[in-house]
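Please consult the sequence and model shown here.

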Amino acid sequence: MTTSNNPLQPPADAAPPRRHPDAPPPGELLGPHYDQCFACGGGQPHGLHLAARAGEGVSVTAEFTVTEAHQGAPGLAHGGVLAAALDETLGSLNWLLHTTSVTGRLETNYLRPVPVGTTLFLDAHVLAVDGRKIYATATGRIGAPDGPVAVRADSLFIEVKVDHFIENGRPEEVQAVLADPDMMRRARAFEVNP
Ligand SMILES: CCCCC/C=C\C/C=C\C/C=C\C/C=C\CCCC(=O)SCCNC(=O)CCNC(=O)[C@H](O)C(C)(C)COP(=O)(O)OP(=O)(O)OC[C@H]1O[C@@H](n2cnc3c(N)ncnc32)[C@H](O)[C@@H]1OP(=O)(O)O
């Protein structure tokens with residue numbers, strides 16, 4: 001058997017994805033992981049306000065509507081904004097795995113321009129898990145869940161402890177989150193992944 005050098009392709013002996021027994025049921029809105037997150041938080045006026053829902057298996061769906069604040073070219077979404085939407089959708093898979101992970105790699109593929117006013121319908125699923133490495137892929141479609149594909153991404157997420165955020169974040173924001181018991185309960189719940 002040949003071994004791929006592509007870091008986004010799971011190795012042949014990687015484990016199939018396993019939906020955590022406490023994962024939210026299919027259809028449930030996941031809610032923001034952090035109010036100030038540019039992609040999902042309600043506290044960012046020009047953010048994406050991306051809303052993700054649990055899907056079947058280890059999958060999620062998500063929607064976001066491109067606004068004037070998201071332009072790169074006149075009337076078109078910026079590619080980095082679309083990458084953020086894909087990244088966030090993929091990151092939402094953490095809820096299904098009950099783990100905390102960060103993006104190590106994200107390879108985006110832009111297939112169609114996305115005009116301002118478009119609602120992008122995204123979906124993502126985990127392909128395989130290899131130790132701390134989570135391989136996942138995402139697709140974004142224009143206008144409807146079965147609309148034309150505009151963007152795709154393949155990704156490698158790396159599992160981290162909550163300490164990753166505490167040690168690396170700017171102290172002001174970290175302290176504010178540490179002072180919020182609900183937020184910490186949510187974050188800590190993901191640390192133990194039996
Ligand atoms: C204050 C309280 C905290 C509150 C928390 C709040 C929220 C968080 C909660 C939940 C999160 C939920 C949802 C999140 C949703 C969306 C967010 C979007 C996601 C993002 O937007 S997130 C931001 C961008 N992201 C980064 O900011 C990462 C920067 N980076 C690093 O922090 C390190 O780089 C790290 C940690 C990635 C690895 O560092 P490390 O030292 O822990 O691990 P190490 O290097 O040993 O790698 C272990 C194995 O992964 C392989 N590996 C690692 N990196 C690789 C790469 N890039 N390519 C190929 N392979 C790679 C190695 O090759 C090795 O593989 P092997 O085991 O086979 O040897």
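The sections below treat the model, an annotated span, one histidine and the ligand shell.

## Basis of the model

The model is predicted; local features need pLDDT of at least 70, side-chain atom pairs count only at pLDDT 80 or more, and totals for chains, interfaces and linings use all residues. Residues are numbered from 1 along each chain as its sequence is written.

## Annotated span

An unreviewed UniProt entry annotates residues 75–138 as "domain: Thioesterase"; such annotations may be inferred rather than shown by experiment, and UniProt positions are given in the numbering used here, with feature names shortened. The span is 28% helix and 44% strand, and its end C-alpha atoms lie 24 Å apart. Helices (H or I, at least four residues) and strands (E, at least two) are DSSP runs, numbered from the N terminus.

## His78

His78 lies in the loop between strand 2 (59–65) and helix 1 (79–91). Because 15 other C-beta atoms lie within 10 Å, His78 is partly exposed (buried means 20 or more such atoms, exposed 12 or fewer, partly exposed in between, with C-beta atoms placed from the backbone).

## Ligand shell

Of the 27 residues around the ligand, Gly91, Val102, Gly104, Ile158 and Phe165 come nearest; a residue is near if its C-beta atom, placed from the backbone, lies within 6 Å of the molecule. Strand 3 contributes the most, with 4 residues. Domain 1 (14–160) and domain 2 (161–194) each supply at least three residues of the shell, the domain bounds coming from an automatic or database domain assignment.
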